[in-house]
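Me: I'd like a close look at one part of this model, with the cut-offs spelled out as you go. Here it is.
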Amino acid sequence: MNEQSMINNSEDIKSKRTIRSFVLRQGRLTKGQQQALENLWPSFGIDYNPNVTIGSNNKRPFVLEIGFGMGASLVEMAKNAPSKDFLGIEVHKPGVGACLMAIEENQLSNLKVMCHDAVEVLNNMIADDSLDKVQIYFPDPWHKARHNKRRIIQPEFVQLIQKKLKIGGILHLATDWQHYAEHMLEVLTQAEGFKNLSSTGDYIPRPEDRPITKFEKRGQNLGHGVWDLQFMKK
């Protein structure tokens, strides 16, 4: 992905952040991850800058992943779809470093990464009606009832994503926590401007273009289910 094709100067978009897209639990960087952050960021990283807009002039399908973890599945998706441009947002530096290493190893030119709060990036940098797909896989379920309000999938956040998607754009969610899946389904069913792509009105089988992660395999070995949801912007 040519960075100039994705990023164009624009006026600062000021908006009030009402929810964070993460809780920072920073792990220790390996030597390789630290070197990747130092040496590969200029080539594959995008700094947060509210005076810059991403996506307004993109001529190729533009996919955003929020919370890519260590980046293995995102790198695989970018590798398998060279005609698409991918942007991954992750706040945990070890994951960002690992993803940068994988980008270089696979010689990808269609994947960039950011290390910042996704809510701020969406509000202040992503152009409206510019995204073909937003994918959020296995976000923190905050399974205790008193913590449910911390879940990223909330009505306000979903409407922010809807604003950034193109007509026909897809929001794809996946979780291995059933109660969170039910919460996601309820929020999206009630959200304005979306259509559920499930033929049964709830969940879909895992699409072939979503790789099975090590995290997911580990869960499956423990007997956990996985729920995928896809909603299209009308």
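Which residue in E4 does Glu 65 stand opposite?

Reply: That would be Gly 88. Before going further, a word on the ground rules: this is a predicted model, so local features need pLDDT of at least 70, side-chain atom pairs count only at pLDDT 80 or more, and totals for chains, interfaces and linings use all residues. Residues are numbered from 1 along each chain as its sequence is written, and side-chain values use heavy atoms, with hydrogens and water left out.

Glu 65 belongs to strand E3, residues 62-66 (strands are DSSP runs of E, at least two residues; helices are runs of H or I, at least four; both are numbered from the N terminus). E3 is mostly covered, with 5 of its 5 residues buried (buried is under 20% relative accessible area, exposed over 50%, partly exposed in between, using a 1.4 Å probe and protein chains only). Phe 62, Leu 64 and Ile 66 point one way from the strand, while Val 63 and Glu 65 point the other way.

Now for the partners. E3 pairs with E4 (residues 85-89) in the parallel sense, over 5 bridges (to pair, two strands need at least two DSSP bridges between them). To get from E3 to E4, the chain goes through helix H4, residues 72-80, and this β-α-β crossover is right-handed (with the strands pointing away from the viewer, the path from the first strand over the helix to the second runs clockwise). E3 also runs parallel to E6 (residues 131-137), joined to that strand by 3 bridges. Here Val 63 stands opposite Lys 133.

For contrast, have a peek at Arg 210, which is buried at 1% relative accessible area. Its side chain meets Glu 216 in a salt bridge (2.7 Å, N to O), and Glu 216 is buried too, at 3%. In total, the structure holds 7 salt bridges.

Note on methods: A salt bridge is a side-chain nitrogen of Lys or Arg within 4 Å of a carboxyl oxygen of Asp or Glu.
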